[in-house]
Amino acid sequence: MVGAHIPGTSMTLFSCLRCDGSTKESSKVNMVLTAVHVAFILFIIVMGFWRGDARNLTHPADPAHPGGFFPNGVGGVFSGAAMVYLSYIGYDAVSTMAEEVERPARDIPIGVSGSVIIVTVLYCLMAASMSMLLPYDAIDTEAPFSGAFRGSDGWGWVSNVIGAGASLGILTSLMVAMLGQARYLCVIGRSGVMPAWLAKVHPKTATPVNASAFLGLLTAALALFTELDILLNLVCIGTLFVFYMVSNAVVYRRYVVGPTGSSTESGDRQPSAWPTLAFLLAFSLIALSFTLVWKLAPEGGRTRVGLLSACGAAAVATVGAFQALVPQAHTPELWGVPGMPWVPAASVFLNVFLLGSLDRPSYVRFGFFSAAAVLVYVLYSVHASYDAEESATLDGAKVQDEACRV
C-alpha cells in the first residue's frame, strides 16, 4: 500500500485510512455529483462551440483594446496561468483514498495522471468555447459563461442551466476537498503535531468527525469574512510553493536515500546529500534569475534576450551536468517520475517563474501565514509530537493507538 508521509511525523496517511476507510457512502455521492458536473461541463462546451464565432478569438469588442490571439502578450498568458493554477490543486486527494482501491500502486498513479489529463483537456475546451462566445474584453468576470447567454434572444435558459451547474461544481469541489483534508488532519492530530482532538474517529461511521467539523467551520468562516480575490491569491501562491517544494523533494528522494553517512541494508554507505542540495539550490537561483530578467528588463532589447538565453542555457547545462555526474541512489520498484531529473527540474523552473507573476500583497499574506504556521510548529507541534517522544528528547507527545482513540 502507498501513503503520504507528513513531514515531522512518523505516521503515514495509510495508517489513518486503515482506521477510517469507510468512505463508500461519500464515494457514491461524489461519483454521482461528479458525473452530473461533467455533464454540465460538456453541455457548456457544446453550447460554446455551437453558438460561438471564431472571429471573437482575435477581434476585441472595443477597438481601443489590444487585439490578436494574445492581446496581452506572452506575459499576460503567464500572469493568467499563475492566477488559475489553483485549478490543479486537489489531485493529492486521490492519494488519500489509497486503501479504497484494490491495487493502489497501479491505480493511484493512473488516477492522478488520468484526472490531470482529462481536466486539462476540459479546461482548455471551456476556455476556447468561452473565447468564441464573446471577445475577451466583453466577458463578465463575475459570471463568464452564464453572462454570455444572459439577455440572448431565445437562449436565456442556458444561463440558468450554467448557473445551476456552477453551483453544483462548487459543492462537488468542497466535498472532495473536505474528504481529503479531514484525513490529513486525522493523521497529523494523531501524531501530536496538531491537537489530538482532531484524530478522533466516530465509532459508527469510522470517519474523522472532529476534523470534518473543524474544517467545515473554518471554511465557512473564511468564506464569510474574506474577499474571494484574496483567498484565490493565497491559494495560488500556496499551491505554486507546494509544487515547487514537492519537485525538489522528488529529486532529493531519488538521488539521496536516508540521512548523509548512513548505511543501506546491504552495508553500503549512503551517497552524500551535498551534490543534490547544491544542484537544487543552483537551479532554483537560475530559475529566479530568469524570472527577474523577464520581469525587470526592458522588453524588446537585445540585452534582455541575451540574458534570458543565458539563463536558459545555464539551466539546461546544470541539469545535464547533474544527470551525468550524480548517479541515482534510489529506483522506485513500482512507479516513479520518468525522465529524471529533467521532469522535476522543469517543474521547479515553471513554478518559480509563475511565482514571479504574482503581486506583492500575495507574498505579504503568504509570508504572514507561513510565519504563523512555523511559530505553531516550533512552539507547540515539536514538543507535542510523538516523534519527539520516540527519540526521548522531549516530553508531552500525544500517542494514539491503532484504533485512533484519543
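**Exercise 1. Find at what angle the axes of H8 and helix H11 (residues 342–355) cross, and decide how the two helices run relative to each other.**

Solution. The axes of H8 and H11 come within 9 Å and cross at roughly 155 degrees. Axes here are lines fitted to C-alpha atoms, for helices over the stretch in contact, with angles from 0 to 180 degrees between N-to-C directions. Angles over 145 degrees count as roughly antiparallel, so H8 and H11 are roughly antiparallel to each other. The crossing is left-handed, a term for a near helix turned anticlockwise from the far one by less than a right angle.

The model is predicted: local features need pLDDT of at least 70 and side-chain atom pairs count only at pLDDT 80 or more, while totals for chains, interfaces and linings use all residues. Residues are numbered from 1 along each chain as its sequence is written, and side-chain values use heavy atoms, without hydrogens and water.

**Exercise 2. State which classes of residue make the contact of H8 with H9.**

Solution. Start with the geometry: the axes of H8 (residues 228–255) and H9 (residues 274–296) come within 10 Å and cross at roughly 150 degrees. That makes H8 roughly antiparallel to H9. Next, list the residues in contact (heavy atoms within 4.5 Å): Tyr-244, Asn-248, Val-251, Tyr-252 and Tyr-255 of H8 meet Thr-276, Leu-277, Phe-279, Leu-280 and Ser-284 of H9. Sorted by class, these are seven nonpolar, three polar and no charged residues. Nonpolar covers Ala, Val, Leu, Ile, Met, Phe, Trp, Tyr, Cys and Pro; charged covers Asp, Glu, Lys and Arg; the others, Gly among them, are polar.

**Exercise 3. Decide whether Asn-248 is buried or exposed, and name the residues it touches.**

Solution. Asn-248 is found in helix H8. Its relative accessible area is 11%. Buried means under 20%, exposed over 50%, and partly exposed in between, with a 1.4 Å probe and protein chains only; Asn-248 is therefore buried. Leaving out residues up to four places away in sequence, Asn-248 touches Leu-280, Ser-284 and Val-348.

**Exercise 4. Describe the chain as a whole: how many helices and strands are there, and what share of residues is buried?**

Solution. Count the elements: the chain has 13 helices and zero strands. Helices (H or I, at least four residues) and strands (E, at least two) are DSSP runs, numbered from the N terminus. Of the 406 residues, 33% are buried. Among contacts between residues at least 6 apart in sequence, 72% join residues at least 24 apart.

How values were computed:
Parallel < 35°, antiparallel > 145°, perpendicular 65-115°, else oblique.
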